[in-house]
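Reader: Please show me the structure, and then let us go through it by question and answer.

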Amino acid sequence: MDIIVVFLIICGLVFFTGGAVGILRFPDFYSRLHPAGKLDTGGALLMMVALALFNLHHFSLATVLTGLKIILIVVFVFLSSPTAIHGIVDAGVRAGLGPWTRGEKRR
Amino acid sequence: MPATTNTRENTILHEPGQGSDPGVTPSTRKRARAFLPYAITFILLFSLWIVLSGKFDPFHLSLGLISCVMVTLFSKDLIFPEPGTEGSLRTWVCFIRYVPWLLYQIFMANLHVLYLTFHPRMMDLIDPRIFRFQSRLKGDLPLVTFANSITLTPGTITVYVSIDGTFTVHALDKSSRESLPGEMERRIARAFGEE
């Protein structure tokens with residue numbers, strides 16, 4: 001059990017690190033949102049599942065309820081994160097920002 | 001199905017005279033179908049209450065019961081916009097069947113963006129572009145689900161969805177651009193019965 005939890009948390013941390021590095025490395029506004037929004041969502045999913053599993057160590061009704069609450073957090077992140085990214089991208093398009101294409105300089 | 005719904009509705013909404021009807025006449029079945037959304041909304045709300053409160057003494061349970069009944073009555077057409085259609089229930093079941101596949105796709109595509117992020121020659125690999133395509137999905141809910149799924153699978157972000165199903169998508173590289181609409185649209189069409 002502990003091994004699974006540690007493995008999931010490490011995977012989640014790798015995703016989060018990838019998200020942070022991606023924000024720094026990608027060339028423009030739109031492509032930066034890809035890692036920002038989605039690697040974070042994936043990392044949050046893995047970490048939360050790991051925490052829910054870890055929480056079930058002492059199996060009782062209270063820990064099951066806590067685990068369900070953690071899963072609810074994941075559900076709401078999964079609903080709100082794409083919507084937020086869509087809002088940000090839409091704002092960028094409305095402001096007239098064109099996407100970076102191959103061969104241009106970094107912005 | 002209608003019989004159990006009937007009894008449940010009687011306990012929830014305290015409708016007199018409905019449970020005493022012995023035979024399942026067409027009118028009772030129709031009424032049961034009309035109350036099915038109430039029952040499902042109530043069950044959803046009440047299970048959420050139990051999960052969030054975590055207390056099982058009569059006081060808290062009755063508080064939850066009262067507030068859930070009230071919210072169910074207020075927001076009857078929020079989850080099921082058309083009352084009494086069994087199609088919406090089937091839609092939810094199909095949607096739940098769609099979720100595991102979506103999670104798998106998200107995981108695989110997350111790995112793809114992770115690979116791109118840490119690749120030393122990342123600037124040569126990516127080829128971001130905004131493009132459009134026409135989707136054959138029609139309903140509001142399928143379109144929203146499709147848009148959110150596109151955003152969740154890395155490499156693609158939905159920029160704009162028009163009401164007739166034209167998607168404007170920002171794609172990170174060539175492979176994620178070619179994956180649309182493809183498999184995901186087919187699965188959503190099947191899940192929402194638009195096949």
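This is a predicted model: local features need pLDDT of at least 70, side-chain atom pairs count only at pLDDT 80 or more; totals for chains, interfaces and linings use all residues.

Reader: Which pattern does chain A follow along its sequence?

Author: Helices (H or I, at least four residues) and strands (E, at least two) are DSSP runs, numbered from the N terminus. Chain A has three helices and zero strands, and read along the sequence its pattern is α-α-α.

Reader: How are α2(A) and α3(A) oriented to each other?

Author: Axes are lines fitted to C-alpha atoms, for helices over the stretch in contact, and angles run from 0 to 180 degrees between N-to-C directions. The axes of α2(A) and α3(A) lie 9 Å apart, and the two helices pack at an angle of about 175°. Angles under 35 degrees count as roughly parallel, over 145 as roughly antiparallel, 65 to 115 as roughly perpendicular and the rest as oblique. The orientation of α2(A) and α3(A) is therefore roughly antiparallel.

Reader: Is F7(A) buried or exposed?

Author: F7(A) sits in helix α1 of chain A, and its C-alpha atom is separated by 9.7 Å from that of M47(A), 40 residues away along the chain. A residue is buried if 20 or more other C-beta atoms lie within 10 Å of its own, exposed if 12 or fewer, and partly exposed in between, with C-beta atoms placed from the backbone. Because F7(A) has 12 other C-beta atoms within 10 Å, F7(A) is exposed.

Reader: Which helix gives the largest share of the side of chain A that touches chain B?

Author: In this interface, 30 residues of chain A are in contact with 29 residues of chain B. The elements giving two or more residues to that side of chain A are α1 (2–25), α2 (29–55) and α3 (61–94) of chain A. The largest share, eleven residues, comes from α3(A).

Reader: What is the order of the strands in the open sheet of chain B?

Author: Chain B has nine helices and three strands. Two strands pair if DSSP finds at least two bridges between them, and β1(B) pairs with β3 (residues 166–171) of chain B in the antiparallel sense over six bridges. The edge strands, each pairing on one side only, are β1 (129–134) and β2 (156–161) of chain B. The open sheet of three strands, with antiparallel pairing, has the order β1-β3-β2.

Reader: Which strands of chain B does α7(B) touch?

Author: Helix α7 (residues 140–152) of chain B has 13 residues, and its buried residues include L143(B), F146(B) and I150(B). The direction of α7(B) makes about 145° with that of β2(B). This helix packs on the sheet, and the strands of chain B that α7(B) touches are β2 and β3.

Methods:
Residues are numbered from 1 along each chain as its sequence is written. Chains are lettered from A and ligands numbered from 1 in the order in which they are written. Two residues are in contact if their C-beta atoms, placed from the backbone, lie within 7 Å. The expected span of a helix is 1.5 Å times one less than its number of residues.
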